[in-house]
Amino acid sequence: MAGRGARRRGRALAAVCALLLALAAPAGCGLVSGSPMSDGVRPGTVGRGLPLKGAQLTVTSKEFTENIILGQIMGLVFKAAGATVIDKTNIQGTIGAREAVRTGTADGMYEYTGTGWITHLGHTKPIPDVQKQWEAVRDADRRNGIVWLPQSRLNNTYALALNAANNRKYRVRTLSDVAALLKRDPGAVTLCVENEFATRNDGLPGMARAYGMDIPSGNIRKMTGGVVYTEASQGKSCTFGEVFTTDGRIRVMGLTVLDDDKHFFPNYNAAPEINAKALAKYPQIAEVLAPVTAALDNTVAQSLNRKVDVEGKDPHDVARKWLVDEGFIKVG
């Protein structure tokens with residue numbers, strides 16, 4: 001999802017990826033030769049006066065649905081504002097996309113604050129306050145030649161969810177409610193989780209400590225991410241499933257996301273991450289992205305992700321339609 005892979009592996013790959021990206025080598029980091037966006041788009045409420053006319057900008061993204069959509073949104077906004085845009089979205093892995101922006105192989109992408117703080121900057125403890133987390137990442141990443149523009153309300157973080165039948169049965173709204181249920185009825189709290197979530201400090205072990213949950217090992221079932229959603233929606237092999245808060249399957253499968261009332265899980269708010277030299281050359285980037293970023297939240301993300309993951313639509317088409325529907329750009 002937001003690139004929350006193992007930090008040790010990420011740091012080990014970073015130097016290699018940086019070298020490969022500097023040499024424009026596609027192997028290893030997932031970077032492939034991009035192609036220009038050919039859409040006939042023009043300004044709507046953003047890009048009036050073509051503030052990026054004459055600019056050539058390259059956008060990138062990681063390889064998962066939401067981040068690809070966000071990369072397409074960024075590229076289309078740049079194009080509507082007059083830029084020639086090279087599309088290098090869908091790079092494999094967090095490190096490859098990040099290094100593309102850092103080295104200037106790409107000019108910008110949407111990244112997640114928690115990923116920046118923990119994976120890229122090497123910190124172990126997230127900052128609970130959403131704004132302070134963004135400010136800390138912004139300030140720390142300046143030395144790397146990366147500028148973080150203001151973040152969105154889109155927060156793609158971990159959560160637990162359950163289906164409607166179990167929600168009616170147990171009447172839980174928060175993770176504290178789950179902890180209380182576990183003490184009253186240990187057999188009622190069964191979890192379906194991904195293997196990685198089951199071992200991460202910012203996953204199940206840390207959550208259990210934060211909420212005082214002593215979950216029997218037999219109550220925890222490990223599986224792949226897609227199966228987690230299916231099992232949680234059926235509600236038979238597990239009462240609760242680990243989900244990502246912006247996943248489009250949540251609404252389709254009728255799942256209710258529980259509130260992390262102690263704010264344990266890191267904030268993963270999406271924000272434009274821009275190469276500092278590119279922004280210095282084209283400061284108008286900030287103004288054209290600001291209203292679009294401000295419109296992104298979890299409800300929007302779930303809807304856009306659902307159109308790709310459930311309805312099978314193309315991420316580029318989904319991004320363009322949303323921008324047009326919101327009036328940010330026009331076609332033709």
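Helices (H or I, at least four residues) and strands (E, at least two) are DSSP runs, numbered from the N terminus.

The accessibility of the two partners is as follows: R102 is partly exposed, with a relative accessible area of 32%, while E99 is buried at 6%. Buried means under 20% relative accessible area, exposed over 50%, and partly exposed in between, with a 1.4 Å probe and protein chains only.

The model is predicted, so local features need pLDDT of at least 70 and side-chain atom pairs count only at pLDDT 80 or more, whereas totals for chains, interfaces and linings use all residues. Residues are numbered from 1 along each chain as its sequence is written, and side-chain values use heavy atoms, with hydrogens and water left out.

## Other charged pairs

Side chains of opposite charge can pair when their charged atoms come close. The count for this model is 12 salt bridges. One of them joins D297 and R153 at 3.9 Å, N to O. D297 lies in the loop between α12 (284–294) and α13, and R153 in the loop between β6 (146–148) and β7 (158–162), so the pair ties together parts that are 144 residues apart in sequence. D297 counts as buried at 19% relative accessibility, and R153 as exposed at 54%.

E311 and K313 also form a salt bridge, at 3.4 Å, N to O. E311 is partly exposed at 42%, and K313 is partly exposed at 44%.

## Nonpolar cores

A nonpolar core is a set of buried Ala, Val, Leu, Ile, Met, Phe, Trp, Tyr and Cys residues joined through side-chain atoms within 4.5 Å. The largest has 53 residues, of which L52, I73, F78, I285 and L289 touch the most other members. Helix α2 gives the most to this core, with eight residues. Apart from it lies another core, of 34 residues, among them L160, L204, Y229 and I250.

Contact means heavy atoms within 4.5 Å. Leaving aside neighbours within four places in sequence, L289 is in contact with M74, V77, F78, Y110, L149, P272 and I274. M74 is found in helix α2 and is buried at 0% relative accessibility. With residues up to four places away not counted, M74 touches V59, G108, M109, Y110, P272, I274 and L289.

The model has one cavity of 30 Å³ or more. On a 1 Å grid over the protein atoms alone, a cavity is a set of points where a 1.4 Å probe fits but cannot get out, and lining residues have an atom within 4 Å of a point. Grid points are joined across faces, edges and corners, and a volume is the space filled by probe spheres set on the points. About 40 Å³ of space lies in the largest cavity.

E66, I69, L70, L154, L296, V300, A301, L304 and N305 form its lining. The elements giving two or more residues to this lining are α2 (65–80) and α13 (298–309), and the largest share, four residues, comes from α13.

Terms used:
On a 1 Å grid over the protein atoms alone, a cavity is a set of points where a 1.4 Å probe fits but cannot get out, and a pocket is an open set with protein on both sides within 12 Å along at least five of seven lines; lining residues have an atom within 4 Å of a point. A salt bridge is a side-chain nitrogen of Lys or Arg within 4 Å of a carboxyl oxygen of Asp or Glu.
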